[in-house]
Amino acid sequence: MGDLANSAGEAGPGGGFGCSLAELRALMELRGAEALLKVQEAYGDVHGLCRRLRTSPTDGLSEGAAELDRRRQVFGQNWIPPKRPKTFVELVWEALQDVTLIILEVAAVVSLGLSFYAPPGGDTEVCGRASGGTEDEGEAEAGWIEGAAILLSVACVVLVTAFNDWSKERQFRGLQSRIEREQRFTVVRHGRQTQVPVAELVVGDVAQVKYGDLLPADGVLIQGNDLKIDESALTGESDHVRKSVDKDPMLLSGTHVMEGSGKMVVTAVGVNSQSGIIFTLLGAGGEEEEEKKEKKGKPQDGAVENLQSKAKKQDGAVAMEMQPLKSAEGGDVEERERKRSSGPKKEKSVLQGKLTKLAVQIGKAGLVMSAVTVIILVLYFVVETFVVEGRPWLAECTPVYVQYWVKFFIIGVTVLVVAVPEGLPLAVTISLAYSVKKMMRDNNLVRHLDACETMGNATAICSDKTGTLTTNRMTVVQAFLGDTHFRSPPEPASIAPRTLDLLVQAIAINSAYTTKILPPETAGGLPRQVGNKTECALLGLVLALRRDYEAVRAQVPEERLYKVYTFNSVRKSMSTVTRLPAGGFRLYSKGASEILLRRCCAILGVGGEARAFGPRDREDVVRKVVEPMAAAGLRTLVLAFRDFPPVPEPPWDDEAAVVGELTCIAVVGIEDPVRPEVPEAIRKCQRAGITVRMVTGDNLNTARAIAAKCGILPAGEDWLCLEGKEFNRRIRNEKGEIEQERLDKVWPKLRVLARSSPTDKHTLVKGIIDSTVGDQRQVVAVTGDGTNDGPALKKADVGFAMGIAGTDVAKEASDIILTDDNFSSIVKAVMWGRNVYDSISKFLQFQLTVNVVAVVVAFTGACITQDSPLKAVQMLWVNLIMDTFASLALATEPPTEALLLRKPYGRNKPLISRTMLKNILGHAAYQLVIIFTLLFVGEVFFDIDSGRNAPLHSPPSEHYTIIFNTFVMMQLFNEINARKIHGERNVFDGIFANPIFCSIVLGTFAIQIVIVQFGGKPFSCSPLSAEQWLWCLFVGVGELVWGQVMAWVPGGRLRCPGAGPGPSGRRRGASAASAEEEEEEDEVDAAERELRRGQVLWVRGLNRIQTQMRVVRAFRSSLGGPPPRPEPRPGPPFGAPPELLFGDTRDIPLIDDTDAESEAPPNRNNNHRPPRGRGGARPGPPPARLHSLETSL
C-alpha cells in the first residue's frame, strides 16, 4: 500500500486514491484475459477497483462538486484540447499565397522602383512618347503612387480574405461547441441515474452503457447483458467483440456499442483515455508532418496515418468533436482525413462539382484574354515607338520603356484578377455558413456543410416511421388477453390474477432498466417517457393496470438477471432469463407478433391457465386480432414466457432452442400517432418533385396504414408496399446476387418497405443512387436513428440522424442531425438547400456580367487606345465589390416558400440556366454600349478634355473618372437585378428582409463617393461635379429599366453550353435532347409562369375558341342521333397538361412548358394510371396540338 500511496501522490495534487493515473493508463492498455488477470491480481475483482476509486458499483459517486473537481485535478478532465486555430497573421499569409496576387505584387514593386527613375539629361523628348507630355515635374515625381496604390489594394483584398476566413473558422468552432454541448451520457450518482455532459465525466463514475452508445471514456465492465462492441475505430478489426465481466471487461473510449447493455466504472478520461492518447499523438505530430511535407513532399508515416484515420471515425467520442466541419480547423491534413474517413460516399457535392468546372473554364478564358491584352499592348508600343516614329533604342531610356511594359503587364494581370472568379468559393462558404447558422433555428444541426446544398437537389427521401413521421410518444390502446380482445386498456379486475402478475413481470423485467416513466415536469402535463419509447408504452400499461413496475425491478435487480438476449434488427425480439425463487429459470420474451406467435405452443386462457396453441389458433389470432390492429396503424407486440427446470440447465448459447415453445401472455396494440404537421410536409415534398418513401421495421399493414395517413400513398394510385423478404426476392437473381436491372423495376413504384433490415435499407439507397433510370440521376436523403442505420446514412447523399431518439453511432454517420426528430424539419432543410443553390446562381449572374464587361473593356481599350479605361487600382476595387461584398450580399438572401414550387435541379442541369445567360449577355451588352459611348464620345457630351492616349504620369482625367464611376454605378444597380434569376419582374420583392444586402449596397455607394471625390492620384480619379454624378446615377438606374426590358425577352431561344436543343428538338423526338429540354423547362418556376402570362393569354384565347368551335361542330355532326353521354374519366397522367373541355376553363394552364412531358409516357417515378379511352367521345387531337401555336412562338 505504500507504493500505491506514493504513486497516488505522484498522480496529481491531493492524491488519496487507491490507484494512480499511471496505473490506470497501464491497465487500459491491456486486453482480454491479460487485462482480466491484471484486475484480479491488483484489485481482486472489479468491485475491488471500485473500492480503490472510492465509488459504489450500484450507487455510483456520492460526492459533492468540490470532490468531483478534485478527481478532475488528479485524473484529468474528459476533454481533449482542440488543435490551435490559425492566427489572423497565419491566415493573412495564406491569403498572400494566391498566384495572381503574387504576380500583381511583383509587378507593383517593379513599377514602384522604376517610377523613381528619370532618364539622364534634360532632354525629355529623347525617349519619345514614353516620358513626354507630363504636366510638370511634380506629377512625374508622383508616378510612384500607382504602384503604391496597387500594393495597398492588394493588402485590402488580403485583409478582407483573411478576415472572412477567420470569421468562418470561428463560426465553425461555435458549431463544434454546439455539438459538444449536445452530447450527454447516463451515469449513476447518489444512487440515481442522471444524464451529464460527457465533458463532466470523472474517473470513478459508474456509467450506464446501452445499445447505440459511443463510449466517451475508458472503463471496466461491472455488469453486462449480451454486450458486443465495435472496436474497429481503434483496432481496425471489423468483427464485434463480446464483452463480459469474466472474459473481457475492458471498454475503450471511441468504440461503439452494437448490442446489449451494462454498467462500467470509468477509469480513464480525456487525454489519458485510449482515443485521447491517439489524438494527443496526432496533435504533437502535426508540425513534424508539415516539416516532412516541406522536406520530402511525401505522405505522412503509415502508422500515424492509420491512427489518424481510425481516430477520425470516432469523432463523437469525446467532448470536443474532432472531425472538422468542412475543414473547420483550416488544415489540409484535416480536410484530407475527413474525406478519407467518410469513405466512398463523400465525393464532391453537386454544386461543388459544377462550380469547380465553371471556375476552371472562366480562369482559362481570363488567362488567354490577359495574355493577349499584354501582347497587343507591348507590340503596339514597340511598333509605334521604333517603327512608326523611327526612334533608336537608347540605353538610358531602357528603364522608361521597361516601366511602360510593366504598366502593360499590370493591366494584363489586373484583367486576370477580375476574370478569375476567386469569389466563387467565398460565396459558397458564406452562403453555406449563413444557411447553417439559420438552419439551427429550424432544428437542423449541420455536421457537413456540403450536405446543406446537396439537400436542395434531393429527389428522394427514405424516411423512418417511428419518431420521424410519428410523434414517438407511444401508448398501448388495444390488448388481447385471456381470449378477450380489449379495444381500450383493460381494467385490472377483468384480467385473471395469474395473467396479470405474469404480464406485469414480463414487462417490468424484460425491458431496459434505464427505461422509465417519470412525473410530468409541469402540472397537468403528460408523464415523461425516458428511454425506449416502445418499452415506455408497455410500462404505461403497467401503470394503467395500477401496478408498480419499480417494485418488481427492486425484487429482481439488474445484477441478478441471469441471461439477456437484447433486441436487435435480426431477432426483432428481446428475451430475459431470471432464476425462480423455488429453483429453475423463467424466460420472458417480447417481440414482433408474426415472429413470436410462431414460437408459441400455448396461450393463457380466461382463468390464467395455459392451453394448447396450434396453427389454426395462430391463424385465428392473426386474422382476428393482429391484422385489425395493424390496419388501424397500431404496432403489434406479443408478450410470452417459458419456464425451465433447474436441471439440466438449458444451452443458453443456443438461442433458437431457448426462445421457443413459449406460452403467449398477451398481444398488445401500440399507437404512435402521426405528427399533425407531417401530411402537409409530405405534400410540400411531392409538390417540390421529391418522392418520399417509408422504410420501417414495422408490420406491413401497420406501415401501410401510417403511410396512407401521412400522404405517402395517395388514394387510388398503383404503388408498391413490400416486406423485406419480398423486396429481396424481387431484386436478387437465382444466385442470391443483387441485380441493378431488377432493382430498377422495383424502386420507382416502391413507397413502403416494411419489416426491413438495415441491409435492405442500404441496398435500396445504393440502388436508387446508382440507378440511371429516368431523366436524371437521383439524389437521395435518408433518415435513421439506430446503430445499424449507419451504413445507409453513410451511403446516402444526405444522412439525417435523430437528435432525440438517435444513437451516437447514427449521429456520427450522419450529415445533419434533426434536433426535434421531425420530418417537417427535413422540408426546411430542402428549402435552405435550394436557397443556397439559388444564392450561388444569383452571385454567378452578377459576377459573370462584371467579368464579361471588365475583360472586354480592358481588352478593347488596350487594342484601340493602348491603355485600359479602367485602371489597375480601380479594377481591384471592382473586384473587391464583385467578390467579397456581392458574395456577402447575394449569398445571405433568406429562403421563401416559392422555392418548393419547382422540381429539383438534379445532377445534370447546367449551373447557368438560359434565363441567367440571357440576363448576363443582355446586361453586359447594355454596359458595354454605355462605356464605349462614354469612352469615344464622352468628352464631347460632357465638354471635357479627352483622357485617351494620356502619357505615363499624366494626372487623372474627368473623362476616365466618369467611365469608372458609371461602371461602378451600373454594377450596384445590376446587383439589385441579380436578386432574381428566374425572370421575375419585381426585383425589389423582399429586399428589406435582407438588411445585409441593403447595408452593403449603401456602404459601397458611400465608399465610391469617397474614392471619386477624394481618391485623387492613387485611384486615378478626378472629382466630379453634381451634374456629372447625376448622369452617372441616371445611367446606373437605367440598369433597372433595362432589366425590365430583358424580362420581356424570351429565354427559350438562347443556347447555353450543354443545355440541349431548342423546342424544335423536342418535336423531332430525340430522347436525350427532350430530357435536357425538360430540365431547362423545370427551371421556369411558378413566379415566372405568372409573370409571362401576358405574352400568352391571347394564344390561349385563340386556342380556346378553336376548341369550342371544334366541339360545336362535333355536336352538329351527331344531331342525327342522341348526343353521346360523357363518361367519367380519371385525371391525366402526372405532368401532362389537362385536355380542354367545352365550357371548362378552370384547369387551363397560364403557360405551357410541358410539351415534352405531354408527348412522353407518364413519369415512372409517379406511376399514375393512364386515362382510359372515352368510348363514344369524339376523336380529338392530342393535348399538345392545342398548344402548338404558342410553342412555336
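Guide: What follows takes several terms used for this predicted model and gives the grounds for each.

Visitor: Why is arginine 546 called exposed?

Guide: The relative accessible area of arginine 546 is 59%. Exposed means over 50%, so arginine 546 counts as exposed. Arginine 546 is found in the loop between helix 19 (533-544) and helix 20 (549-555).

Visitor: What is said of the phi of arginine 546?

Guide: Phi of arginine 546 is positive, about 60°, although this residue is not a glycine.

Visitor: Is glutamate 661 to be called buried or exposed, and on what grounds?

Guide: Its relative accessibility is 57%. The term exposed requires a value over 50%; glutamate 661 therefore counts as exposed.

Visitor: What is the value of omega for the peptide bond from valine 647 to proline 648, and what is the bond called?

Guide: Omega is near -5°, and the bond is described as cis. Proline 648 belongs to the loop between strand 19 (635-644) and helix 23 (655-658).

Visitor: Which residues of helix 26 are buried?

Guide: In helix 26 (residues 724-731), these are Gly724, Phe727, Asn728 and Ile731.

Visitor: Why are the buried residues of helix 26 said to line one face?

Guide: Viewed down the helix axis, they fall within an arc of 95°, so they line one face of helix 26. On the other side, Lys725 and Arg729 are exposed.

Visitor: What covers the buried residues of helix 26?

Guide: The cover includes strand 22 (720-723), helix 27 (740-746), strand 23 (750-754) and helix 28 (758-770).

Visitor: Which residues touch the most other members of the largest nonpolar core?

Guide: In this core of 63 residues, they are Met455, Phe800 and Phe823. Helix 31 (residues 823-865) gives the most to the core, with twelve residues.

Visitor: Which residues does phenylalanine 823 touch, not counting those up to four places away in sequence?

Guide: Phenylalanine 823 touches Ile461, Ser463, Thr468, Leu469, Val678, Ala681, Ile682, Cys685 and Val692.

Visitor: How many residues make up the other core that lies apart from the largest one?

Guide: That core has 54 residues, among them Leu890, Ala924, Met969 and Val1035.

Technical notes. Residues are numbered from 1 along each chain as its sequence is written. This is a predicted model: local features need pLDDT of at least 70, side-chain atom pairs count only at pLDDT 80 or more; totals for chains, interfaces and linings use all residues. Side-chain values use heavy atoms; hydrogens and water are left out. Buried means under 20% relative accessible area, exposed over 50%, partly exposed in between (1.4 Å probe, protein chains only). Helices (H or I, at least four residues) and strands (E, at least two) are DSSP runs, numbered from the N terminus. The arc is that of the directions from the helix axis to the C-beta atoms. Contact means heavy atoms within 4.5 Å. A nonpolar core is a set of buried Ala, Val, Leu, Ile, Met, Phe, Trp, Tyr and Cys residues joined through side-chain atoms within 4.5 Å.
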